[in-house]
Amino acid sequence: LPHDEVYIETTDYRVIGDAIRVLKIRGAPAIGVAAAYSVVLAVHDPKITSLQDLNTEFYAAINFLSQTRPTAVSLFVALDRMRHLYEQVSHNSILGSQFHLLAEARLIQHEDIESCRKIGEYGAALISPKSTILTHCNTGGLATSGIGTAQGIITTAAQEGKIQRVYADETRPLFQGARLTTLELMKENIDVVLITDGTAGMLMQRREIDAVVVGADRVAANGDVANKIGTYQLAVLAERHMIPFYVAAPTATIDFGTKTGKDIPIEERDPAEITHVAGIRIAAEGVSVFAPAFDITPNQLVTGIVTEVGVLKPPYNESIGKLRPQQLRTAEAAS
Ligand code: MRU
């Protein structure tokens, strides 16, 4: 994308795992949903003829998929849900396990669609009429099962007539903003302007941005946010210019077990993603490269975290802490 829309059909979970690794499937919620369905494919392998085979295939898939990308917690939440369910039902029959795992994957997908819708509603309520929004990376339909998280807010606010313009960071080095966000927003007839990542500060200085809205790959228990590299500098700039900085994140993105952003593993990518653009080398041969895929925005810079159960406000230790029992109850009810 944006040049060709190509669909890859497969029944092999390894093909999907590889697609996640090379970002053919990307965006935290989409990764989680794809991983859940990959587990379903694994247990439908025609080679499985006994409960022993089922067990081997199931855990091989969980193991393989959990090593695809380290930062987006939705991947691990989805795999944990599949494992938890499997451990309850796997002693019965192959067919029964296949049935229950498919139902769980569908539930994860359905919850993602609903979360996006509700995040859109809660987030749009924060946007003033005639707003110009700055966003980073891609958080829309290509990153989720629904209308998107940060982009769901933009879409919903646009439907309410509140959006004047969206500035989309190109999002170096893989250009999710340039390739995907602008494509999606143009399809929705939203006025979108593509900028380099370095242009954001100038626009804020000129008072041309009313709010920054971004997604998240993982939110720590204290509200620190891991998101696409370049997010932190936007948050610092937004504070400097007194512009609200909103993070859109389904509660499945909150990692209650991770105390602060320092504990979030940050993925490092292949240096070639920086030294090359569209396969053409742009940096000198042999240059050293540092290629983190994400950065951490400290909670003090986050105006609000928009979830499907409402907008969380500082102090996040408290607002996230209150959410925890509620989320655990929901998980228990679902299982
Ligand atoms: O490396 P990517 O493209 O998977 O990174 C995606 C992001 O950083 C998104 O902002 C985040 O996953 C939220 S997607 C709704």
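The following paragraphs describe a predicted model, moving from a pair of helices to a sheet and then to the ligand.

Two packed helices are described by the angle between their axes and the distance between the axes. In this model, the axes of helix 1 (residues 13–21) and helix 3 (residues 51–66) come within 10 Å and cross at roughly 10°. Since angles under 35 degrees count as roughly parallel, helix 1 and helix 3 are therefore roughly parallel to each other. On the side of helix 1, the residues that take part are Y13, R14, G17, D18 and R21, and they meet E57, A60, A61, F64 and L65 of helix 3. Sorted by class, this contact of helix 1 with helix 3 has 5 nonpolar, 1 polar and 4 charged residues.

The sheet considered here is open and has 4 strands, in the order 8-5-6-11, with mixed pairing. Strand 8 (254–255) and strand 11 (294–297) each have a single partner strand and stand at the edges, so one side of each is left without a neighbour in the sheet. Strand 5 (residues 218–220) pairs with strand 6 (residues 225–228) in the antiparallel sense over 2 bridges, and R218 stands opposite A226 in strand 6. Helix 9 (residues 231–240) packs on the sheet, where it touches strand 6 and strand 11, and the direction of helix 9 makes about 30° with that of strand 11.

Around the ligand there are 18 residues, of which R26, R69, D217, N227 and K228 come nearest. Oxygen atoms of the ligand also lie 3.0 Å from a backbone N or O atom of G27, 2.9 Å from a backbone N or O atom of A28, and 2.9 Å from a polar side-chain atom of Q176.

How values were computed. Residues are numbered from 1 along each chain as its sequence is written. This is a predicted model: local features need pLDDT of at least 70, side-chain atom pairs count only at pLDDT 80 or more; totals for chains, interfaces and linings use all residues. Side-chain values use heavy atoms; hydrogens and water are left out. Axes are lines fitted to C-alpha atoms, for helices over the stretch in contact, and angles run from 0 to 180 degrees between N-to-C directions. Angles under 35 degrees count as roughly parallel, over 145 as roughly antiparallel, 65 to 115 as roughly perpendicular and the rest as oblique. Contact means heavy atoms within 4.5 Å. Ala, Val, Leu, Ile, Met, Phe, Trp, Tyr, Cys and Pro count as nonpolar, Asp, Glu, Lys and Arg as charged, and the others, Gly among them, as polar. Two strands pair if DSSP finds at least two bridges between them. A residue is near a molecule or strand if one of its heavy atoms lies within 4 Å of it. A polar contact is a pair of N or O atoms within 3.5 Å; within protein, one must be able to donate a hydrogen and the other to accept it, and residues adjacent in sequence count only if both atoms are side-chain atoms.
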